[in-house]
Amino acid sequence: MSKNLDVAVLLDFYGAMLTDKQRDAIDLYYNQDLSLSEIAELQNITRQGVRDSIKRGEVFLYDLEDKLHMFETYIDTIKAFQEIGYVADRIDRENSTGYRSRAVSDDIGQIKNIVRRYLETNT
């Protein structure tokens, strides 16, 4: 993942832990694609002040992820749900050959619905 995307995603996870100015500056820089000069004008500080605020915020975001691993855990959870969905599909295909168990079909349907709902609301 590119550093720009890393910072934007980490901002989603940990943005509330930053100061308002850091959060706003990082959002404007990474998500809104404003220049340092444009942000400086909006925040009524120097361009260097914006740069320093963004850099301090980036370091803080990376430090939080190193300690808490929330983003890493989120990605691992998404991958686990995707794998569960793949396995449910394989079981469904296997169950459809020969004798078809109604109970297995119902359970597979429930698993697929849980996976679909989770992935729809978390990706």
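Figure 1. Asn95 lies in helix α5, where helices are DSSP runs of H or I with at least four residues, numbered from the N terminus. With a relative accessible area of 9%, Asn95 is buried, a class that takes in values under 20%, whereas over 50% is exposed and anything in between is partly exposed (1.4 Å probe, protein chains only). Leaving aside residues up to four places away in sequence, Asn95 touches Arg100, Ser101, Val104 and Ser105, a contact being heavy atoms within 4.5 Å. This is a predicted model, in which local features need pLDDT of at least 70 and side-chain atom pairs count only at pLDDT 80 or more, while totals for chains, interfaces and linings use all residues. Residues are numbered from 1 along each chain as its sequence is written, and side-chain values use heavy atoms, with hydrogens and water left out.

**Figure 2. Helix α5 along its length.** Helix α5 covers residues 70-95, and its 26 residues should span 38 Å at 1.5 Å a residue, which agrees with the 37 Å between its end C-alpha atoms; the expected span is 1.5 Å times one less than the number of residues. The buried residues here are Phe71, Ile78, Phe81, Gly85, Ala88 and Asn95. An α-helix has 3.6 residues a turn, so residues three or four places apart point the same way.

**Figure 3. Helix α2 and the residue that follows.** The 12 residues of α2 reach 15 Å from the first C-alpha to the last, close to the 16 Å expected at 1.5 Å a residue. Gln22, Ala25, Ile26, Leu28 and Tyr30 are the buried residues of α2. Just after this helix, Asp33 takes a positive phi of about 60°.

**Figure 4. Ser35 in the loop between α2 and α3.** Ser35 is placed in the loop between α2 (20-31) and α3 (36-43), and its relative accessible area of 31% makes it partly exposed.

Figure 5. Most residues other than glycine have a negative phi. Asn44, although not a glycine, has a positive phi of about 55°; its place is in the loop between α3 and α4 (47-68), and at 70% relative accessibility it counts as exposed. His69, also not a glycine, has a positive phi of about 60°; this residue is found in the loop between α4 and α5 and is partly exposed, with a relative accessible area of 34%.

**Figure 6. The whole chain, as the setting for the close-up views.** The protein has 6 helices and 0 strands, following the pattern α-α-α-α-α-α along the sequence. Its radius of gyration is 22 Å, well over the 14 Å that the globule rule gives for 123 residues, so the protein is more spread out than a compact globule; the radius is taken over C-alpha atoms, and the rule is 2.2 Å times the number of residues to the power 0.38. Along the principal axes, the C-alpha atoms fill a box of roughly 75 × 25 × 20 Å. Buried residues make up 30% of the 123 residues.

Terms used. Helices (H or I, at least four residues) and strands (E, at least two) are DSSP runs, numbered from the N terminus.
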